[in-house]
Structures are given as C-alpha cells and as structure tokens.
Amino acid sequence: MRLCVPNAAVLGLFCRGCLSRTGNWTSRSFNSLPRKMSRWNSEEPCSPHLNVILSLLMSRKQYGTENVILSDIKKPPPHVFTSGPFVYADVLDYKHLRELIVNNRITWLVHYSALLSAVGEANVALARKINITGLHNVLDLALENCLRLFVPSTIGAFGPSSPRDPAPDLCVQRPRTIYGVSKVHGELMGEYLHHKYGLDFRCLRYPGVISVNTPPGGGTTDYAVQIFHDALSTGHHECYLRPDTRLPMMHISDCHRATVEFMQAPECQLSLRTYNIAAMSFTPEEVAQEIRKHLPHLKVTYNPDSIRQTIADSWPVRFDDSNARRDWGWAPAFGIEELVADMLRSVRDKRTNEGLPVS
Ligand SMILES: NC(=O)C1=CN([C@@H]2O[C@H](COP(=O)(O)OP(=O)(O)OC[C@H]3O[C@@H](n4cnc5c(N)ncnc54)[C@H](O)[C@@H]3O)[C@@H](O)[C@H]2O)C=CC1
Ligand SMILES: CC(=O)[C@H](N)C(=O)O
C-alpha cells in the first residue's frame, strides 16, 4: 500500500494502499518550484517545507516508511532523503505522474504543490500553470486510478466581499489573487468530480501554517514564521504588515493532525468536501507581545508592503470551523501561548544544532 502526497506548492505525497481499507498511508510530495522564486525564496534552495516534510515524516511513522512516498522537484535535504522513499515528480508532467502511480500502486494522493499568494502575484503565469494545470493533472489521475485525493485550500480562497469575522464554510468567494482564484477552482473542481463521478476528494482550508521547518515560501503569512527566527538571532523583526493585521494561524502539528484525521474520517461523517479549520487568530503586535514574555528585548518595526498588506486586508480575520468540529471531531491543541513557547524552543534547538548564536 502506498500513499502519495504530491507537493502542492509544498508537498507531494503518494500513498500505497487506501487508508480506509488498509490503514496504510504512503506519501510523496510533488514539489516543483519556479525557476525563479523572486525575492521571497532567495535563500532557501534546499530547505524542507514545513507542511510537507513534517507531514511526511509523521505519516511515515503512522503508516510505514515504505508506504509513504515523498516527491518534489527540489533536492531534499539529507535527513529527508534518507527517511524513506523520495522521488522527483513535476506536477506538470502528467505521464510521469501516471507512471509513478501505476508502478507504485498508489492509493492516496496528497497534493501540496502550489505557488503561494505573494509569489503568485509576482508570477501569475507560473502560478496559473502550477496551481491550475498541475491540479488538473492530479484530478485526472485520481479519477482514472480511483485514488483518495487531498488538496489543501486556504484562508486565501476568500476575498473582500466574503464575511471576514468569522468566514463560514459556505459564502461568497471572490478572491483577488491568482493563488486564491486557483484554490477556489480546486475546491469547485474536486467537489464537481465527487458529485458527478464519485471521486473521494477532500479539502481543508488551512490558516497560515507556522513551523520551524518552513522557510518563507512566498506567502502573506510568512512573517509569523520569520519573527521567531529574528527574535532569536538579531532580536529585531521588520514586519511587512501593519501591527493590527489579524489573520487566522495554526501550528504545523495541528495542521498535520487535522489532515490525517480528516483523511481517515468515514465518508458518512462528511457533510462537506471542503472544510475550514481554525486554531487561533492574531496580529503581528499580539504575537510580538507573546514572544516578549520570553524574550523581552525583541524589537519589531513596521514597514507595510502594499502587495501583501492588500492581500491580508482581503482575507478573513477569523475562521468558523464549526462544521469540522461537528462532523469529524476537529479540535486544535495549540493556542498562541503554546505556539510561541514551542516555536521558540524549536528555533533555539535548530540554531544550536547548526552552531548558530542564539540571542
Ligand atoms: N504554508 C501555509 O501557511 C499554507 C499552505 N497552504 C497550502 O499548503 C500547500 C503547501 O504549502 P507550503 O508548503 O507552505 O508551500 P511552499 O511554497 O513551501 O512549497 C511549495 C512546494 O511546491 C513545489 N512545487 C512547485 N512547483 C512544482 C511542480 N511543478 N511540481 C511539483 N512540485 C512543485 C515546490 O518545490 C515546493 O516544495 C499549498 O498548496 C498551499 O496552498 C494552505 C494554507 C496555508
Ligand atoms: C495562508 C496561505 O495560504 C499562505 N501561507 C499564504 O500566505 O499565501
């Protein structure tokens, strides 16, 4: 049995076997990155992505190393490469994806590959290709091979005309970014194929995901990861959002657990195919205050970037996840206090292991 998790702009996992039938998950991440990631990705050529890597490693623990195949178009760091099966896979290469699925008897596909919001606006043509053409490849293959398919969506699937506090599962969705447009398209295509042909399509709208292993990937919520690294290195963070910009956020371990629990939920419990999941909402100033409880010297200055500020201002400030809580028992474990304590501990350990100074 193998689970395959392709990297939707982040991860690609293939899974051998069907979880519902066998309890096994195999994952692969299909991560192809834009030849040019522009300014947001410049110093992270081989870094693992948060969701992808962590998810994969944890999935492997749960479902068996050989049963989860990770894929990307980027060279993985050594510890990822040696942790289990890893293959090169470009979501734009339909024939190669099909070969991987057939040869490995893949039964689950987790599609993480995508260009995120800010970098997508910097390269709309590439974002359209990876986020929409890549998704169509994955949908066709899932249908053709009877795969269970997970595709993440995002708070970015909402826009200025959506209710923002809180945003419910079902409401007006008119996002103003190519990223958001591609995610709404993915939600609708997956649901259409489910209703018309029975595709087992499942989708969670993630808040901004925070992980020590996730380098900035060109998103609007990236500051909420970077601030921890800055706090423990220079002690100064320059934030590209206004101090009062409130956005939904989630610790990576909650994000991963939600994904696995949702994928394992019996079909009969699901009243929707796309659910919001929530954990906390905070502003840059609020997270800075929480960090200062541990590191009182942290200095934060604000220099709003018009592109990312405009994007953030169009997104929900809070998510209504009551349907996920009711249907399949979703409950987050991390609030802002737990998240900050865990991130500071993890970033400190990482810097120490890398021989870097800790402030
Ligand atoms: N990180 C976050 O805060 C959130 C992420 N998500 C979703 O989760 C998924 C993963 O996000 P991140 O890991 O943060 O993104 P990321 O930007 O860190 O990773 C994207 C991955 O896609 C890969 N990729 C790009 N082009 C590809 C191609 N042609 N073929 C195969 N792989 C390709 C890249 O190599 C990269 O590893 C995305 O679909 C994103 O929309 C949703 C909401 C929040
Ligand atoms: C919330 C997301 O989807 C992502 N982190 C982004 O900021 O683009």
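This is a predicted model: local features need pLDDT of at least 70, side-chain atom pairs count only at pLDDT 80 or more; totals for chains, interfaces and linings use all residues.
Let me begin with the ligand. The residues around ligand 2 are Leu116, Ser117, Thr154, Ile155, Tyr179, Gly219, Thr220, Thr221 and Trp315, and when this shell is sorted by class, it holds four nonpolar and five polar residues but no charged ones.

Which atoms of the protein lie 2.6 Å from an oxygen atom of ligand 2? One is an N or O atom in the side chain of Tyr179, and another is a backbone N or O atom of Thr220. Thr221, for its part, places a polar side-chain atom 2.8 Å from a nitrogen atom of the ligand. On its own, ligand 2 has 250 Å² of accessible area, and the protein covers 92% of that.

Now to strand E9, which runs over residues 200–206 and has seven of its seven residues buried. In a regular strand, side chains alternate between the two faces of the sheet. In E9, Asp200, Arg202, Leu204 and Tyr206 point one way, while Phe201, Cys203 and Arg205 point the other way, and all of them are buried.

As for its partners, E9 pairs in the parallel sense with E7, residues 148–150, over three bridges, and here Phe150 stands opposite Arg202. Strand E13, residues 274–276, also pairs with E9 in the parallel sense over three bridges, with Tyr275 as the bridge partner of Leu204. The pairing of E8, residues 153–154, with E9 is parallel too, over two bridges.

Technical notes. Residues are numbered from 1 along each chain as its sequence is written. Chains are lettered from A and ligands numbered from 1 in the order in which they are written. Side-chain values use heavy atoms; hydrogens and water are left out. A residue is near a molecule or strand if one of its heavy atoms lies within 4 Å of it. A polar contact is a pair of N or O atoms within 3.5 Å; within protein, one must be able to donate a hydrogen and the other to accept it, and residues adjacent in sequence count only if both atoms are side-chain atoms. Accessible areas come from the Shrake-Rupley method with a 1.4 Å probe; for residues, only the protein chains shown count as cover. Ala, Val, Leu, Ile, Met, Phe, Trp, Tyr, Cys and Pro count as nonpolar, Asp, Glu, Lys and Arg as charged, and the others, Gly among them, as polar. Buried means under 20% relative accessible area, exposed over 50%, partly exposed in between (1.4 Å probe, protein chains only). Helices (H or I, at least four residues) and strands (E, at least two) are DSSP runs, numbered from the N terminus. Two strands pair if DSSP finds at least two bridges between them.
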